[in-house]
Amino acid sequence: MERWLNVGKIVNTHGIRGEVRVISRTDFPEQRYRKGNRLYLFLPKESEPVPLTVKSWRVHKNFDLLRFEGYDSIQDVEKFKGGMLKIPESALDELDEGEYYFFEIIGCSVYTMEGKEIGKVKEILTPGANDVWVVEGEGGEKIYIPYIGDVVKKVDVKDKKIWIEPMEGLLP
């Protein structure tokens with residue numbers, strides 16, 4: 001069975017020409033929202049996703065604004081509010097070595113190079129120069145692991161395991 005990945009949530013309409021406001025959940029908006037790309041809309045009360053083809057995309061005040069082929073008025077897209085835009089996992093592109101999708105990292109167990117388990121990755125922060133993986137330890141404490149080569153030594157997304165060499169003061 002195909003796994004679906006969130007790209008964004010439609011939070012409102014924008015104007016009268018069928019544009020929708022989207023809060024994105026993708027690191028690749030220019031790729032996902034490229035004209036002609038296929039997205040699938042999952043609505044709360046519908047059992048089947050609605051296939052949509054991107055007609056246009058632009059950014060306005062921290063929102064991605066999208067229009068879809070065949071949906072040219074506010075009346076056409078009003079019913080899309082609250083829906084999630086997704087893509088099938090099979091539509092993902094191959095990443096370069098050392099690059100990972102968030103869903104591949106979240107849920108991984110983190111170990112020191114000596115084999116001591118630290119916890120599981122619960123979320124990923126993107127503050128600037130590098131991502132920071134938020135690991136929840138055994139006692140519920142949060143440990144912030146910078147995704148840099150000096151710290152993260154090995155990632156095995158297949159077995160959901162990560163090995164790190166903690167810098168001084170990184171671990172409690």
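What follows is a walk through a predicted model, from its strands to its nonpolar cores and then to its salt bridges.

In this model 6 strands close into a barrel, with antiparallel pairing and the order β1-β2-β5-β4-β3-β6, and neighbouring strands of this sheet are turned against each other by 50° on average, direction ignored.

In soluble globular proteins, nonpolar side chains tend to be buried together. Here the largest nonpolar core has 19 residues, and those with the most contacts inside this core are Leu 39, Leu 66, Phe 68 and Leu 85. Strands β1, β2, β3, β4, β5 and β6 each give two or more residues to this core, β1 giving the most, with 3 residues. Beyond its neighbours within four places in sequence, Leu 66 is in contact with several residues, including Val 20, Val 22, Leu 39, Val 54 and Leu 85. A second, separate core of 16 residues includes Val 110, Val 121, Ile 124 and Ile 145.

The structure also holds 4 salt bridges. One of them pairs Arg 58 with Glu 19, their closest N and O atoms being 2.9 Å apart, and links strand β4 to strand β2 across 39 residues of the chain. Glu 19 counts as buried, because its relative accessibility is 10%, under the 20% limit, whereas Arg 58 is partly exposed at 39%.

Technical notes:
Residues numbered from 1 in each chain as written. Predicted model: local features only at pLDDT ≥ 70, side-chain atom pairs only at ≥ 80, totals over all residues. Heavy atoms only, no water. Pairing = 2+ DSSP bridges. Helix = DSSP H or I, 4+ residues; strand = E, 2+ residues; numbered from the N terminus. Axes fitted to C-alpha atoms, helices over the stretch in contact; angles between N-to-C directions. Core = buried A, V, L, I, M, F, W, Y, C linked by side-chain atoms within 4.5 Å. Buried < 20%, exposed > 50% of the residue type's maximum accessible area, 1.4 Å probe, protein only. Contact = heavy atoms within 4.5 Å. Salt bridge = Lys/Arg side-chain N within 4 Å of Asp/Glu carboxyl O.
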